[in-house]
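Biologist: Hi! Could you walk me through this structure in plain words?

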Amino acid sequence: MVIGLVTLEVHLPHARSLKDKRQVVERVKDRLRARFNVAVAELDHQDLWQRATLGVVSLSNERAHLARLLEAVASESERLLGGDLVESHIEYL
């Protein structure tokens, strides 16, 4: 069994409150969960208005299948967040 993790570093320059940030983060989390059936959580910077770190996790018995899924998640995240996505990183455990 292979576990894959996509870490998304997000900068939200237009967020003026935690509520603004939460709206964006929840929208991204909901769309990724619905489209890819993955687990998504905010990992860091919960107390900052303009910064978020999201973790997206899935597992599979085939690394190739998991790699395609996580690449699709990273691409969709880039589409959803646009220039607000600072960095995405994929790793396997």
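This is a predicted model: local features need pLDDT of at least 70, side-chain atom pairs count only at pLDDT 80 or more; totals for chains, interfaces and linings use all residues.

Biologist: Okay, how many residues of strand β3 are buried?
Modeller: Seven of its 10 residues, 51-60, are buried, so β3 is largely enclosed by the rest of the structure. Buried means under 20% relative accessible area, exposed over 50%, and partly exposed in between (1.4 Å probe, protein chains only). Strands (E, at least two residues) and helices (H or I, at least four) are DSSP runs, numbered from the N terminus.

Biologist: And how many bridges join β1 to β3?
Modeller: There are 10 bridges between β1 (residues 2-11) and β3, and the two run antiparallel. Leu-5, for instance, stands opposite Val-57 in β3. Strand β2 (residues 39-44) is also antiparallel to β3, joined by five bridges. Two strands pair if DSSP finds at least two bridges between them.

Biologist: What do β2 and β3 form?
Modeller: They form a hairpin with six residues between them, and His-45 in the turn has a positive phi of about 65°.

Biologist: Switching to helix α1: which residues are buried there?
Modeller: Lys-21, Val-25, Val-28, Lys-29, Leu-32 and Phe-36 are buried in α1. Seen down the axis of α1, they fall within an arc of 95°, so they line one face of the helix. The arc is that of the directions from the helix axis to the C-beta atoms. The face turned away from that buried side carries exposed Lys-19, Ala-34 and Arg-35.

Biologist: Now salt bridges. How many does a search of the whole structure find?
Modeller: The search finds six. A salt bridge is a side-chain nitrogen of Lys or Arg within 4 Å of a carboxyl oxygen of Asp or Glu. One of them joins Glu-26 and Lys-29, at 3.3 Å from N to O.

Biologist: Which residue forms a salt bridge with Arg-35?
Modeller: Glu-76 does, with the closest N and O atoms 2.6 Å apart. Arg-35 lies in α1 and Glu-76 in helix α2 (residues 63-81), so the pair ties together parts that are 41 residues apart in sequence. Salt bridges that share partners join Arg-35, Glu-76 and Arg-79 into one network.

Biologist: Is Glu-76 buried or exposed?
Modeller: Glu-76 is buried, at 9% relative accessible area, while Arg-35 is exposed at 55%.

Definitions and conventions: Residues are numbered from 1 along each chain as its sequence is written. Side-chain values use heavy atoms; hydrogens and water are left out.
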